[in-house]
Amino acid sequence: MARASISIPTNLQLFESNLLVKISAKEVGKKFVSEWIVRGVNLLLETGESYTLVGPNGSGKSTLLQLLMGNMPPSEGTIHYEMAGKELDIDDWYRQIVLAAPYLELIEEFTLRETVVFHQKFKPLKNGLSAADFEDFVQLSHARNKALRHYSSGMKQRVKLGLAFLSDVPVVLLDEPTSNLDAAGSKWYLDNVVKLTDNQLVLLGSNQPQEYEFCKNIISVSAFKR
Ligand SMILES: Nc1ncnc2c1ncn2[C@@H]1O[C@H](COP(=O)(O)OP(=O)(O)OP(=O)(O)O)[C@@H](O)[C@H]1O
């Protein structure tokens with residue numbers, strides 16, 4: 001029997017432990033070969049806020065996002081991560097974040113069900129949602145047993161965004177969140193990004209204003225050129 005669509009309660013306390021997380025960057029710079037991509041980055045990012053890195057193609061949004069998430073080391077400066085007043089080392093930090101980005105690879109051999117079950121082993125879903133709930137949420141129940149290699153790019157993007165929205169971690173990183181989504185998918189993203197990340201730290205990279213219309217803190221990467 002088909003499952004009824006799950007309704008996500010609007011008051012869902014989606015980051016249950018509600019611990020304050022801070023990312024602080026001091027005089028951070030990154031260069032590739034001899035080219036400085038960003039320099040003089042000083043930022044303090046905190047839970048309960050959303051931030052969007054904006055700028056034209058090639059300006060360094062993805063580079064800065066990856067620096068701030070700890071995916072690559074800065075060439076100069078320091079980045080510190082804090083949770084509930086305690087400094088986190090990078091291994092603990094990775095347990096607190098989830099990323100949806102075009103360069104994030106899903107395991108193509110897995111079905112959707114296997115993907116969610118595997119993901120839940122190290123990052124549980126908010127409010128004890130099940131894999132079946134997840135499949136309903138991303139509107140892909142009908143394809144739960146199909147290998148992701150046979151998913152379209154838009155279907156994969158829904159999976160990445162679903163994991164980003166529903167993982168019970170304090171920090172959500174979204175790079176080009178509506179890439180590959182059709183109009184209905186973009187609306188689904190916008191409907192959920194505010195509702196489901198209310199008490200988390202949300203960091204976006206975008207050059208599409210409609211992706212970050214809800215966001216109060218806009219950071220122009222062009223400010224970090226010297
Ligand atoms: N691993 C790398 N090695 C050398 N150069 C790199 C590397 N990664 C990025 N760059 C360069 O850094 C600059 C910024 O790239 P980045 O992907 O951060 O920009 P972006 O603002 O996210 O662009 P877009 O909007 O096109 O996604 C570009 O000039 C790019 O060529």
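User: Which residue forms a salt bridge with Arg39?

Analyst: In this predicted model, Arg39 pairs with Glu76, and their closest N and O atoms are 2.9 Å apart.

User: Where do those two sit in the chain?

Analyst: Arg39 belongs to strand 2 (residues 35-46) and Glu76 to strand 4 (residues 76-83). The two residues are 37 residues apart, and the pair links distant parts of the chain.

User: How many salt bridges does the count come to?

Analyst: The count comes to eight salt bridges. One of them joins Asp92 and Arg95, with the closest N and O atoms 2.8 Å apart.

User: How accessible are Asp92 and Arg95?

Analyst: Asp92 has 29% relative accessibility and counts as partly exposed. Arg95 has 51%, so it counts as exposed, the cut-off being over 50%.

User: What does Arg144 pair with?

Analyst: Arg144 forms a salt bridge with Glu135, the closest N and O atoms lying 2.7 Å apart. Glu135 is buried, at 0% relative accessibility, whereas Arg144 is partly exposed, at 23%.

User: Which residues are linked with them in a network of salt bridges?

Analyst: The network consists of Arg113, Glu135 and Arg144.

User: Changing topic: how many residues does the largest nonpolar core have?

Analyst: The largest nonpolar core has 32 residues. Leu112, Phe165 and Leu174 have the most contacts inside it.

User: Which of them gives the most?

Analyst: Helix 5 gives the most to this core, with seven residues.

User: Back to Leu112. What does it touch?

Analyst: Leaving aside residues up to four places away in sequence, Leu112 touches Phe134, Val138, Leu140, Ala143, Lys146, Leu148, Tyr151 and Val159, among others. Its contacts also include Glu135 and Arg144, the two residues that form the salt bridge discussed above.

Note on methods. Residues are numbered from 1 along each chain as its sequence is written. This is a predicted model: local features need pLDDT of at least 70, side-chain atom pairs count only at pLDDT 80 or more; totals for chains, interfaces and linings use all residues. Side-chain values use heavy atoms; hydrogens and water are left out. A salt bridge is a side-chain nitrogen of Lys or Arg within 4 Å of a carboxyl oxygen of Asp or Glu. Helices (H or I, at least four residues) and strands (E, at least two) are DSSP runs, numbered from the N terminus. Buried means under 20% relative accessible area, exposed over 50%, partly exposed in between (1.4 Å probe, protein chains only). A nonpolar core is a set of buried Ala, Val, Leu, Ile, Met, Phe, Trp, Tyr and Cys residues joined through side-chain atoms within 4.5 Å. Contact means heavy atoms within 4.5 Å.
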